[in-house]
Structure formats: structure tokens, C-alpha cells
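Have the model open and follow along.

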Amino acid sequence: MDTMRDRFVDVTSRLLDEDPRLAVVLADITAAAFAPAQERHPDRVVNVGIREQLLIGAAGGLALTGMRPIAHTFASFLIERPFEQVKLDLTHQGVGAVLVSAAGSYDWPAGGRTHMSPGDVALLDTLPDWTVHVPGHPDEAEQLLRHAYADGDRNVYVRLSAHQNAEPVAVEPGRFTTVRTGSRGVVLAVGPMLDAVLAATEGLDATVLYAATVRPFDAAGLRAAAGDRADVVLVEPYLAGTSANAVHEALADRPHRVLGLGVPREEHRHYGSIPEHLAAYGLDAPALRERIGTFLW
């Protein structure tokens, strides 16, 4: 099976052939994979080198000329390092770009803390009017990438990861998908956390919702699933509790409790593998079953 990053390169390369308004801005990461597209479109596939502030500034400049830019690098270099440019050159200027990341929270532990970005979505939450997609499978990544590219001139973040589910979900951008129904609470699984959540809740009387789009937050979908009194467990592949305020706002008029599970705020000083990081953070299926069961029952 291909990865989300592979699918991103394939889909975006084809879109470059189809739409002269599209441009891709890179900062060395994945540049080799885009070499064939760059040969065909040297004026619209631009590698600025390891200059992430320039990456976002160039995307903002292209957007000001009427282009639809896609900027890409690792999440820590796409959101955290050039955040001032994201804030000013895109949001403040009132222009839109598609930011597509790779190597999410702990995709490449050997890269160390510089290559880990569990706080990226929380950081974007400080800015207005961003759409955030967190696909859990390459098929979903393709659908959401195409939606992001065609989404007018909005600012869109597509968070790709090597951590993915075994099967895609038929997602509708901006809407949660009901995967399982129950009566004792709602477990909201975000992106690549779905497989572990389904294994953890097997046989439990709980509703499982799936979110491949987290911003805008589907308040109506959560309210419909929660009923008049709700216990909600958030399982996110980034900073724990990132969407907790969105849940509280959605359920402000009814009694509810929220448990936010995700990557802790402590420093991540270990290497290892994706499964080892999931286990360390209590995000593998056995740990999730214990934590969800204790909260809901």
C-alpha cells in the first residue's frame, strides 16, 4: 500500500498538469519526488531550499498574484518554525494557500525533537478561519487534498502521516462519520487513531465517530451523536485535548464530560518506532481500552 505522502506527490503532480493556476513550493523535503513535475513545470514547482520562512512567504506572494499555492515540508518546519509568516503572509494578508505536511507527531523518532510536531494543530487554532484535514488513509488523503486545492482561496492545512489505518473511510469533508453506535458515550477518533479506537472499543456500548476534518469542527455531528447528556472521549494523534474546547462549545447547553487523549506535553527524548511512541503515550489499543473504559464506565 502506498503512503499518504506518496499519494500527495502523485495527485499534486497530476493537478499541476491540469491547472496552470496551481503552484508547488518546497523546502528540500520531497523535492526529489517532484523532480519529474518540476521538469514539466519549472515555473510552478519551486524549491526554496532549507528556508521555511521563505517557503511560506513565497506561497503568500504567489497567492497575491492569483495562484493557488501548495507549500510542503515536515510539520515542524511547515507550521512551527515559520509561524510568524503563516500568521502574517497568509492569514493577515487575507490570501489562501494549502499547507501539506509530513512526519506528524512522531513519524520519524530518529529525527529527534526537531522533527516532531504534536502541537501543530493547536498552534493553528490561534489563527482564524483555517480548515484542517487529518486523513487516516491515502485514499482519504487524496480526496481531502483535491478538496483543499479546490476550496476557493481558503487557508487549508492537510496533515499527512506515516501512521495510517488499514482501510479508508468514506468521508465527507467537514463532517464526522458514524462508524459504530452505542449508548454509554461517544469516542471521537481523529485520522490515523481510528484502528486503535475500534480495537479498544470492541464489544463496548459506545458510539465511535471518525473525524478526518477537525476544523471547522462538526458541532452538529457531535451533538446528534451525543444526545441530551454526553460523555465524550477525544482520541487525537497530536497534543492531548487540542479539540476539547470545540467539544465544550458544541455541548455547552447540555451536561457533559470530556476526556482528551493524545500526545502528552512532556518532552519526547526517545527514539524508537511509531508503535513504541503510541504505547508510551497510552495510545495503543490496550491502553486506550483501559482509559476509555474507566472514563465511560
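Axes here are lines fitted to C-alpha atoms, for helices over the stretch in contact, with angles running from 0 to 180 degrees between N-to-C directions. Helices (H or I, at least four residues) and strands (E, at least two) are DSSP runs numbered from the N terminus. This is a predicted model, where local features need pLDDT of at least 70, side-chain atom pairs count only at pLDDT 80 or more, and totals for chains, interfaces and linings use all residues. Residues are numbered from 1 along each chain as its sequence is written, and side-chain values use heavy atoms, leaving out hydrogens and water.

**Helix 1 with helix 7**
- Helix 1 (residues 4-18) and helix 7 (residues 138-149) cross at roughly 35°, with their axes coming within 9 Å.
- From helix 1, the contact (heavy atoms within 4.5 Å) is made by M4, R7, F8, V11, R14 and L15.
- Helix 7 contributes P138, D139, A141, E142, L145, R146 and Y149.

**Aromatic rings**
- Rings of Phe, Tyr and Trp (its six-membered ring) pair if their centres lie within 6.5 Å, and planes under 30 degrees apart count as stacked, over 60 as edge-to-face and the rest as tilted.
- The count by this rule is 5 aromatic pairs.
- F8 and F34 form an edge-to-face pair, because their ring centres are 5.5 Å apart and their planes lie at 70°.
- F8 belongs to helix 1 and F34 to the loop between strand 1 (22-26) and helix 2 (35-40), so this pair ties together parts 26 residues apart in sequence.
- F74, F77 and W108 are linked into a cluster by ring pairs.
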